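Please read this note alongside the sequence and the structure displayed below.

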Amino acid sequence: MSLKTIAAKIFADYIYKKTKRWANNPIQTQQYVFDDLIQKARKTRFGKDHNFDAVLSHKDFAKQVPIRDYEGLRNYVDRVVQGEENILWPGKPLYFAKTSGTTSGAKYIPLTKESMPYHIEAARNAILHYIHETGNAEFVDGKMIFLQGSPILEEKNGIQLGRLSGIVAHYVPNYLQKNRLPSLETN
């Protein structure tokens, strides 16, 4: 068993225990995340338009923010795409993940500096939970196929734009890059 395999098993057990702590307190965990998101978004255009200063609970949020599809949010997203700051989230996003838009054309999904670590952590934790549950970590020493969109990004008003899988490709850890197929350059 390689050192990398042993380390993966140890880290998998650690992440499992960490996940179990918040999973065993789902209401408290969700309330903490909710409060944090509302607080951070209060001064945005969206937060002001929906009176986030008065939002203290999910019930308040449901009264202030109607359910809507992408088209219902398009005016906010378009302003972000045009380069405006503090519209949906403080500042400007790092990236726009562009979707093909099966229902209403291309859609732009903002990815912020704060949200990117959660995307990466979720992918990492899925692998680590697999290792914890099965005890199988040997695959970290083998070749791994990465099926993704192009990692080449465009720029639109100072924000990088590309497919989500292509954006995430820039965050694959170096220890996995060595075993990836096809190579980042080939992809």
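Predicted model: local features only at pLDDT ≥ 70, side-chain atom pairs only at ≥ 80, totals over all residues.

1. Residues are numbered from 1 along each chain as its sequence is written, and side-chain values use heavy atoms, with hydrogens and water left out.

2. An open sheet of mixed pairing is formed by four strands in the order E2-E1-E5-E4, where strands (E, at least two residues) and helices (H or I, at least four) are DSSP runs numbered from the N terminus, and two strands pair if DSSP finds at least two bridges between them. At the edges are strand E2 (107-111) and strand E4 (154-156), each of which pairs on one side only. The twist averages 35 degrees from one strand to the next, with axes taken as lines fitted to C-alpha atoms, for helices over the stretch in contact, and angles running from 0 to 180 degrees between N-to-C directions.

3. Helix H5 (residues 70-81) packs on this sheet and touches strand E1 (95-99), E2, E4 and E5, its direction making about 65 degrees with that of E2; contact means heavy atoms within 4.5 Å. E4 and strand E5 (residues 159-162) run antiparallel and are joined by three bridges, and glutamate 155 has glutamine 160 in E5 as its bridge partner.

4. Glycine 105 is found in the loop between E1 and E2, and it counts as partly exposed at 33% relative accessibility, a class lying between buried (under 20% relative accessible area) and exposed (over 50%), with a 1.4 Å probe and protein chains only.

5. Isoleucine 10, in helix H1 (residues 3-23), counts as exposed at 57% relative accessibility.

6. By the rule that a side-chain nitrogen of Lys or Arg lies within 4 Å of a carboxyl oxygen of Asp or Glu, the count comes to five salt bridges. One of them joins aspartate 53 and arginine 42 (3.6 Å, N to O); aspartate 53 lies in the loop between helix H3 (45-49) and helix H4 (58-64) and arginine 42 in the loop between helix H2 (26-41) and H3, so the pair ties together parts that are 11 residues apart in sequence. Arginine 42 counts as buried, at 16% relative accessibility.

7. Another salt bridge links aspartate 49 to arginine 45 (2.9 Å, N to O), and these residues are separated by about one helical turn because they are four residues apart in helix H3.
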